[in-house]
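Subject: Structure for your attention

Dear colleague,

Please find below the structure that I am handing over to you.

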Amino acid sequence: MVLSEAWRGYFYQAPDLDLGFLAGQGRASRSLAGIIWARHPCPSHLGARLAADPDPRVRRALAEKLARTDPTSEQRDARKILANDPAHSVRTALLVSDAP
């Protein structure tokens, strides 16, 4: 648990990671890419790609993080895609947030 928290802290502090590479990997890596992208929305097109991911768990991870993040213009497309997601859990995650 401590190691995973350390890695999470590293990734949150490293906006220069190759998120495109992470977004092309397995479900867990794509979910991580979405979580990091929500904090550092660059490149802006990556959010729309992750919001349209075939795996609802990836889309839900992105939606949950976006729900806890102040909206930016770079996130507009991703938020629009997620708001119309076929999975109820994804749409709900975008609207509901716990403590930041």
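Predicted model: local features only at pLDDT ≥ 70, side-chain atom pairs only at ≥ 80, totals over all residues.

Helices (H or I, at least four residues) and strands (E, at least two) are DSSP runs, numbered from the N terminus. On the side of helix 5, the contact (heavy atoms within 4.5 Å) is made by Arg-59, Leu-62, Ala-63 and Leu-66. Helix 6 contributes Ala-78, Arg-79 and Leu-82.

The axes of these two helices, helix 5 and helix 6, come within 11 Å and cross at roughly 120°. Axes here are lines fitted to C-alpha atoms, for helices over the stretch in contact, and angles run from 0 to 180 degrees between N-to-C directions.

Residues are numbered from 1 along each chain as its sequence is written, and side-chain values use heavy atoms, with hydrogens and water left out.

As for the whole chain, the protein has 7 helices and 0 strands, which gives the pattern α-α-α-α-α-α-α along the sequence. Of its 100 residues, 37% count as buried; buried means under 20% relative accessible area, exposed over 50%, and partly exposed in between (1.4 Å probe, protein chains only). Among contacts between residues at least 6 apart in sequence, 56% join residues at least 24 apart.

Which residues of helix 3 are buried? They are Arg-30, Ser-31, Ala-33, Gly-34, Ile-36, Trp-37 and Ala-38. This helix covers residues 27-39, and its 13 residues should span 18 Å at 1.5 Å a residue, the expected span being 1.5 Å times one less than the number of residues. The end C-alpha atoms of helix 3 are 19 Å apart, which agrees.

Next come the charged pairs. Side chains of opposite charge can pair when their charged atoms come close. A search of the whole structure finds 3 salt bridges, each a side-chain nitrogen of Lys or Arg within 4 Å of a carboxyl oxygen of Asp or Glu.

- Asp-53 and Arg-30 meet in a salt bridge at 2.6 Å, N to O. The pair links distant parts of the chain, with Asp-53 in the loop between helix 4 and helix 5 and Arg-30 in helix 3, 23 residues apart. Asp-53 is buried at 7% relative accessible area, and Arg-30 is buried at 15%.
- Asp-85 and Arg-59 meet at 2.5 Å, N to O. Asp-85 lies in the loop between helix 6 and helix 7, and Arg-59 in helix 5, 26 residues apart. Both Asp-85 and Arg-59 are buried.
- Asp-55 forms a salt bridge with Arg-57, the closest N and O atoms being 2.9 Å apart. Asp-55 is buried at 12% relative accessibility, whereas Arg-57 is partly exposed at 42%.

Asp-55 also touches Arg-27 and Arg-30, not counting residues up to four places away in sequence.

A colleague
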